[in-house]
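This report concerns a structure with its sequence, shown below. Please keep both at hand while reading.

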Amino acid sequence: MQRPSVFFRPQTAISLVAALVFFSTLVFGNGHATTNEKAVVDDQPRDASPLAQRMGDAFTDVNNPIRKIFDGERLDLWSLKRPTVGESISINENSQTTDVAGRLVLETIDRLIQKRLTDAGIASSAQADKRTLIRRLSFDLTGLPPTPAEAQSFVEDSSPKAYEKLVERLLDSPRYGERWARHWLDVVRYADTEGFERDEFRPLAWQYRDYVIRSFNQDKPYDQFIREQLAGDELVNGPPKNADEADKLIATGFLRLGQWDSTAPIFQEEVRHRDQQLADLANTTGSAFLGLTFSCCQCHDHKYDPLSQADHFRLRAFFAGVTPRNDLVIELADDLEEIGKHNAEVDEEAAPLKAEQSKLDKDKNEDQPRYEELSKTLAEIETKKRSPRMAMGATDSGADAPATHVFYQGDFSQPREEVLPGFVSVLDPNPAVIEPPRADTTGRRLALANWIASSDNPWTARTLVNRVWQHHFGVGLVATANDFGFSGARPTNPELLDWLAIAFINDGWSIKKLHRAIVCSATYRQTSDAARRGTGSHDNDQYQEKDPANHLLWRQNVVRLDAETLRDSLLSVSGSLNTTDSGKPRWPHVPIDLLHAQPGILEAKDGGDGGRMQGWYEDPIEETDVRSVFLARKRAMPIPFLQAFDLPDTTVSCARRDTTVVAPQALMLFNSPESIRFALILAERVAEEAGVDPASRVETLFRRALSRSPDTKEKAICLDLLRRHTDQHRMEGAENQAELLALRDLCRAVLNLNEFMYID
Amino acid sequence: MPLDYINRRDFLQRSGGGFGSVALAALLADEVRAASPQQTTIDPLNPLVERLSHVTPKAKQVIFLFQYGGPSTFDLIDYKPELIKLNGQPVPESFKQHNDKVGGVLNHCKDELMSGPWNWSQHGESGLWFSDLLPHTAQHADELCLVRSMYSDSSNHAPATYLMNTGSILSGKPSMGSWVTYGLGSLNQNLPGYVLLYKVGGLGGSANWSNGFLPAAFQGTQFRYEGAPALNLEPPANLAGVQRSTLDLVQQLNRKHAVQRSGVLDLDGRIASYELAYRMQSEAIDVGELAQETEQTQNAYGLNDENKNKALFGRMCLLSRRLIEKGVRFVQLYNAVDKLGWDGHDNNTDYHQRNAAQTDQPIAALLSDLKQRGLLDTTLVVWAGEFGRTPMMQGNNGRNHNPYGFTIWMAGGGAKSGQAIGATDEIGLRAVDQPQPVKNLHATILTALGLMPDDLFFETNGRQERLTGVAQSWKTIPGVLG
């Protein structure tokens with residue numbers, strides 16, 4: 001048994017209690033919450049029945065159903081054990097994990113990495129140069145390259161805290177939330193349309209996207225973020241009293257992000273479709289928050305993990321009462337009152353006219369002109385009314401929810417025994433204890449949210465810190481971020497994963513503190529150069545052989561830009577980025593014959609979609625030069641430019657983007673009208689800044705696109721290209737424009753460089 | 001050394017603390033070995049390189065003629081004399097008492113059977129029946145292998161279209177063309193391995209040719225039926241003269257960059273991908289040069305027909321032959337030229353006359369052309385929609401979707417020709433003799449290509465995913481592959 005310690009700060013008695021409970025009894029998951037939401041959740045176990053009557057976890061109780069289904073080997077799943085702290089960490093240091101500067105924190109990260117490297121006989125790499133560091137940090141935290149001025153000022157800042165200052169500036173930037181929201185939107189399979197045959201636009205979905213951006217920018221505690229998405233409606237009573245309450249309602253958009261086939265009822269396929277919806281919600285919840293694969297135990301018990309088929313349906317049962325709503329009023333209570341008053345005044349204004357009209361007979365000749373006049377006036381008055389803002393989200397249909405049955409072999413037409421909402425049986429096989437917060441809702445999702453967003457839950461904090469780690473190193477400590485089961489990867493550094501998880505919880509589930517700890521570590525700041533030029537003393541071939549995939553992190557990883565970051569970088573370096581930071585999605589131009597891939601779009605074009613918004617609603621080009629997170633994500637028609645660079649499907653949770661390298665990407669980035677346009681805008685910008693001197697043009701271009709000056713050889717071949725291409729364009733008749741077009745060609749080349757596409 | 005799959009991910013998974021536990025290894029042993037020794041190995045620098053099949057193949061390439069909207073196959077190739085006899089009669093009670101698993105198709109129909117207005121005749125030595133909607137296809141009677149007992153799991157376009165293309169009624173799974181190119185690579189490295197031809201795609205959009213969770217190299221690439229054959233093959237015209245020179249600078253700087261980062265495989269891969277893209281430009285443009293074909297060939301495909309829609313579909317059929325000739329592994333065509341396709345809810349006769357007129361001659365020409373060039377033996381041609389249509393009348397002259405029983409056909413590529421397998425009931429409503437789920441069709445196609453359906457898998461999200469679903473849950477359609 002490990003020593004109890006350490007990470008539970010004395011002032012947070014709850015954590016300490018939890019730790020003691022864990023270390024002494026291995027009893028998990030009694031579902032009580034630990035932080036926040038105190039108005040709704042108390043700190044005491046709510047189970048009124050004596051503990052003895054409840055079944056225990058599979059470790060201690062032979063009657064636990066999981067123990068009965070599987071043999072004991074299933075219980076060896078690493079992620080099932082609560083995070084523990086290795087003995088190599090001393091109490092004193094780690095009692096200060098919340099140090100804002102992150103110093104002690106980073107020492108711990110580095111020490112845990114170093115321990116494994118030492119065991120393997122590998123030394124870590126030197127710190128990357130400052131130009132590399134600012135590019136890496138800017139892309140990682142904001143998804144955008146540094147401007148030439150930002151890069152220069154950082155490189156020239158010789159103060160000891162220059163790096164930490166940069167970290168703070170980037171974490172404070174609104175661009176941070178846009179970048180990290182995009183990561184979360186992958187996990188929750190966000191899209192702006194319904195999918196299937198009609199693939200209708202969801203006019204309010206973007207509010208959820210903006211909510212996620214706000215949440216990251218506010219550094220909303222992750223446990224709160226979980227509760228809001230799963231049960232925000234159960235946390236708010238009546239119209240929202242402030243922006244935070246409105247956000248809780250918007251957050252329930254999470255429950256609506258799956259696909260929806262509005263044609264299912266036409267063919268009486270509602271029952272099957274409801275089965276799909278609930279399965280999707282359960283599977284996505286499991287993947288996103290727990291790293292568990294509930295899709296694998298829908299038809300039978302899990303093939304690898306200690307999850308039963310009943311567990312899948314117990315999880316589903318939490319969602320049985322979910323009712324989709326597009327009319328969640330998010331106008332604040334005060335404003336709502338004002339709107340009510342205003343509308344009452346409008347009604348008052350209309351009342352005498354209405355009364356007069358009611359006495360007239362519209363079919364009588366003498367009454368008709370006045371009647372019509374009144375109708376017109378009344379219609380005008382009516383337009384003065386204001387309607388409250390609404391959100392797309394969900395509530396329960398009432399205090400009761402339909403029964404949930406296990407389906408024989410997963411077949412919805414063969415329901416078997418009924419199950420009640422319950423957590424993962426291996427830890428707690430009993431029905432969940434549920435206390436509805438109000439009379440009009442079941443309280444089921446709140447109970448689930450509290451169980452997930454608990455420091456007792458062995459998966460929640462680990463999955464999150466692993467996701468964050470993944471986006472800082474290209475790969476997580478667990479390579480399969482949505483699968484912490486037997487078929488997933490094992491943690492490459494379990495002590496570090498656990499240490500991060502515990503520190504994260506102790507730091508109030510703060511994601512920004514987690515970033516700070518990771519990016520301030522020496523591990524993060526290492527060079528990615530496998531050849532290790534400049535350090536001299538290492539035998540890189542030997543390391544490359546010992547740990548070719550860099551599991552142990554003896555260097556940083558070279559990472560390819562993802563689809564959105566590539567496009568955003570093109571916008572950014574060419575100076576054409578529209579700074580819109582919220583609101584309705586924008587629809588870029590897509591070639592018409594590609595739109596024809598989806599017949600539903602054609603139907604909309606002919607006005608045949610009955611107002612269902614099945615179409616593609618192209619915006620003027622200037623309005624589409626926004627960051628890619630603000631572009632419309634239509635399920636039946638992903639934006640081709642983004643899709644070429646491994647945009648994930650929006651059907652299931654995406655744990656990690658593919659980064660494939662295929663020829664169509666080259667065609668897209670080298671030849672597409674989008675790319676050529678960016679190259680030309682960049683050329684104009686460079687010409688404007690650098691003047692007519694070719695050498696200073698090359699210099700300016702490199703600084704904008706690559707945050708560095710060209711070396712002598714690069715400068716020479718670039719100048720050579722400018723000369724040759726100027727001649728060529730002149731020859732082709734572009735007399736006045738020849739130099740600009742040559743510069744465009746050079747810009748086009750630079751935007752296609754590996755150095756532009758990959759982060760060192 | 002080829003990496004197991006692409007871009008380090010599985011590589012990391014496997015070689016790092018991956019399957020460490022002895023207990024787990026024991027746990028997996030039976031299932032994994034029973035299914036397959038290992039996942040298909042992909043060289044990330046050359047993902048389309050030709051790979052060996054699991055067993056000796058009968059077919060090397062596939063042309064999938066997707067029939068969007070749900071063709072009424074008993075108006076085309078499934079002769080139902082009883083239906084003709086019962087025209088105008090109520091549906092016999094025995095057909096109403098049925099516990100159909102898929103949603104209520106019958107509710108939207110009248111209680112009245114409707115036969116089509118077409119004449120039927122037998123063709124070839126096989127004596128297969130064709131309605132006079134398909135006079136040209138009928139001439140290939142002895143080359144067709146009909147399966148008259150298909151059924152689908154949804155009566156709704158998008159789910160049923162997804163099912164026919166990807167094996168799942170939900171979007172997001174890899175399509176058959178992606179699975180096949182993942183399993184076998186392609187025969188030509190300068191063209192995509194999986195090509196789409198459509199004017200109008202299938203409902204549900206590009207998810208129907210998605211690579212799903214498979215690497216992007218296996219995604220379907222659209223070839224255009226007119227103009228430049230593929231999007232972004234060439235830069236805008238005024239950049240043509242500087243194309244190679246610009247590319248040379250990219251590659252020169254990229255090589256310099258890569259040398260400083262030895263061991264990062266993707267950087268070399270990306271350099272190679274730009275050269276491949278450059279080669280694709282000329283090769284793909286060449287495929288699109290239909291003017292290279294004789295006038296006789298062009299006419300046979302209907303390229304000069306006054307029916308513009310026939311001419312358009314003819315271009316797609318001719319392009320598909322040229323792509324097959326070039327070694328593209330999997331070509332899929334969508335028949336529709338508008339959003340209607342075969343979906344004759346309101347006027348079945350009209351829809352079927354129109355679609356048959358557009359597609360019959362070009363498809364027949366494709367079969368003749370492939371045969372004449374010796375390509376039919378190794379090219380499996382598949383004709384299938386997402387479902388069929390009801391024998392009951394909808395509206396005044398319409399038919400509703402019918403997932404319970406419909407016909408598809410195959411030709412070439414080892415399919416035993418001149419025969420019909422399975423049957424629907426007397427009125428064409430439900431498959432009754434050897435009913436075949438869509439996964440059996442997929443299994444049959446994979447098997448023809450020498451791929452063992454259970455051995456063609458990809459591990460994702462904790463599962464081994466396959467086109468044909470759970471291992472051993474499928475059967476090849478008996479009699480197709482002889």
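## Basis of the model

This is a predicted model, in which local features need pLDDT of at least 70 and side-chain atom pairs count only at pLDDT 80 or more, while totals for chains, interfaces and linings use all residues. Residues are numbered from 1 along each chain as its sequence is written, and chains are lettered from A and ligands numbered from 1 in the order in which they are written.

## Chain A overall

Chain A has 31 helices and six strands; helices (H or I, at least four residues) and strands (E, at least two) are DSSP runs, numbered from the N terminus. Of its 760 residues, 56% count as buried. A residue is buried if 20 or more other C-beta atoms lie within 10 Å of its own, exposed if 12 or fewer, and partly exposed in between, with C-beta atoms placed from the backbone.

Among the contacts in chain A with a separation of 6 or more, 73% come from residues 24 or more positions apart. Two residues are in contact if their C-beta atoms, placed from the backbone, lie within 7 Å.

## The nonpolar core

The largest nonpolar core has 326 residues. Such a core is a set of buried Ala, Val, Leu, Ile, Met, Phe, Trp, Tyr and Cys residues joined through C-beta atoms within 7 Å. The residues with the most contacts inside it are V465(A), F504(A), C747(A), L197(B) and V382(B). Helix 18 (residues 494-506) of chain A gives the largest share of this core, nine residues.

Leaving aside residues up to four places away in sequence, F504(A) touches A461(A), L464(A), V465(A), W509(A) and L514(A).

## Selected helices

The expected span is 1.5 Å times one less than the number of residues. Ten of the 13 residues of helix 28 of chain A are buried, including R697(A), F702(A) and R703(A). Their cover includes helix 6 (148-156), helix 22 (563-573), helix 27, helix 29, helix 30 and helix 31 of chain A. Just after helix 28 of chain A, S707(A) has a positive phi of about 60 degrees.

Helix 14 (residues 333-358) of chain A reaches 35 Å over 26 residues, close to the expected 38 Å. It has a kink of about 35 degrees at A351(A), shortly before the proline P352(A). In chain B, helix 12 bends by about 30 degrees at A356(B). The bend at a residue is the angle between axes fitted to the seven residues ending there and the seven starting there.

## Contact between the chains

Between the chains, 88 residues of chain A are in contact with 83 residues of chain B. On the side of chain A that touches chain B, helix 26 of chain A supplies the largest share, eight residues. The residues of that side divide into 37 nonpolar, 28 polar and 23 charged. Here Ala, Val, Leu, Ile, Met, Phe, Trp, Tyr, Cys and Pro count as nonpolar, Asp, Glu, Lys and Arg as charged, and the others, Gly among them, as polar.

## Domains of chain B

Chain B is assigned domain 1 (60-229 + 295-466) and domain 2 (236-287), with bounds from an automatic or database domain assignment. Their centres, taken over C-alpha atoms, are 39 Å apart. Seven residues of domain 1 of chain B are in contact with seven residues of domain 2 of chain B.
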